[in-house]
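Here is a short walk through one protein structure. Take a look at the whole first, then follow the parts in turn.

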Amino acid sequence: MQLGIIVPTYNERENVRTMVERISAALSGRDIQYEIWFIDDSRDDTPVVLEELASQYPDTVRYVHREEARGLATAVVEGFHRSQAEHLVVMDADLQHPPEVLPVLVERLEEGIDVVIPSRFVPGGSDGGLSTLRKVVSWTARTLGRIALKRLRHISDCTGGFFGVRRKVVEGVELSPIGWKILMEVLVKGHYETVHEIPYQFEDRSAGQSKMSLREQWNYLHHLGRMVWGSPDDRRFYLFCFVGGLGTIVNLVVMAILYHGFHLKEIPSSVIASLIAMGHNYLWNDNLTWRGHAHPVKWRRMLQIPIFMIISAISILVTALFVKLLVWWHGDAVLGQFIGIVVSTVWSYTANNKWTWKAPDERRSGLTTIRVTHEDVR
Ligand SMILES: Nc1nc2c(ncn2[C@@H]2O[C@H](COP(=O)(O)OP(=O)(O)O)[C@@H](O)[C@H]2O)c(=O)[nH]1
Ligand SMILES: [Mg+2]
């Protein structure tokens, strides 16, 4: 089998027939062998309609009805296991994902792209089928995901739930059964090198009710947290920021004790506080952020502390530079300090990752080699 189309369904009796008809119209006349797998958790009579469809289209329509299980993510995972096809597509049953996109999607997979994502946000696409409120919620979810997870940063539509992958992308990958956003999970954990986005027009729900709820939004945040934790590279960055935050508190407390408590002069107080905070940060980073990444060679390990100190010193200078710059432009010094902290956090994380600790080679884990393209629509 070339193509397995996986469709999770929950009370979609008005939609599944049209869906099958539109898929078969879209793919007719093309040399594509395909099957549609409905993974159904419905409590209405959707399974009755699916049974009719399966006997009417014995070569293409298959379904499984689950009485016990529920949930979009587990349905998709079950579909991945049921279908033996080389290329797997996941799409919703409510026709918000137009089947007419399938031919191009399949063509790109056949050309060798690993992950193909129909996107509402590349030239030629649109997300007309959502209410303004849902658009705002969806934008927020997407933006949070793209900020939190490095692998999503260049993907314009990681929350749409419409995508195609080569089997090897998800083979052997343990996908979490929670969460609505299975594509994000695939992008964070999957084995792939190329992603291609093609535009599509997101349509209104054809019939029936949306199952998206406030609870799913909360679930999403929980899921996002788990994805960050499960992604070593992202996790390291957030631990680094956490340690930096802790270090700032230590710095201020020591400064207050020395200056107000011991009546030391301001400059020695400040320098001692900063040095103590630096040592504090080093220890946490060595034992938490980059745990297990100490240099194996002893002399090289001895260099870790001085390198860390040089990087920190440069960060302090960079921050001061931003303060000066803002004051120059008649801006606020504290705002300059804030911008400086953001910039120097990114700088010092990258530098420490590269020079202080021996972080695993990102190239090998595929992070730097992922190429994202989109359809050239004029
Ligand atoms: N198998 C299964 N499918 C579900 C479940 N919840 C939602 N779906 C399906 O997932 C797809 C997307 O759900 P939908 O309600 O349209 O969400 P929305 O597009 O975000 O409003 C539809 O095809 C639903 O039938 C579930 O618990 N189990
Ligand atoms: Mg929908």
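How far apart do the C-alpha centres of domain 1 and domain 2 lie? They lie 44 Å apart. Domain 1 covers residues 3-230 and domain 2 covers 233-356; such bounds come from an automatic or database domain assignment.

This is a predicted model, in which local features need pLDDT of at least 70, side-chain atom pairs count only at pLDDT 80 or more, and totals for chains, interfaces and linings use all residues. Residues are numbered from 1 along each chain as its sequence is written, chains are lettered from A and ligands numbered from 1 in the order in which they are written, and side-chain values use heavy atoms, with hydrogens and water left out.

Now look at where the domains meet. 7 residues of domain 1 are in contact with 5 residues of domain 2; contact means heavy atoms within 4.5 Å. Together the two domains bury about 520 Å². Buried area is the accessible area (1.4 Å probe) that two parts lose on being put together, summed over both. Of this area, 49% is on carbon and sulfur atoms. Lys150, Val228 and Trp229 supply 75% of what domain 1 buries against domain 2, more than any other three residues.

The rule finds 1 salt bridge across this interface. A salt bridge needs a side-chain nitrogen of Lys or Arg within 4 Å of a carboxyl oxygen of Asp or Glu. Lys150 and Asp233 form a salt bridge through their side chains, at 3.2 Å from N to O.

Next comes helix α8, residues 214-230. Helices are DSSP runs (H or I, at least four residues), numbered from the N terminus. Helix α8 has 17 residues and spans 24 Å from first C-alpha to last, close to the 24 Å expected. That expectation is 1.5 Å times one less than the number of residues. Among the buried residues of α8 are Tyr220, Leu224 and Val228. Buried means under 20% relative accessible area, exposed over 50%, and partly exposed in between (1.4 Å probe, protein chains only). The buried residues of α8 pack against α5 (132-148), α7 (182-189) and α9 (232-261).

Two loops hold histidines to check. His263 sits between α9 and α10 (266-289). Its phi is positive, about 50°, although His263 is not a glycine. His263 is exposed, at 66% relative accessibility. His330 lies in the loop between α12 (304-328) and α13 (333-356). Phi of His330 is also positive, near 60°. At 76% relative accessibility, His330 is exposed.
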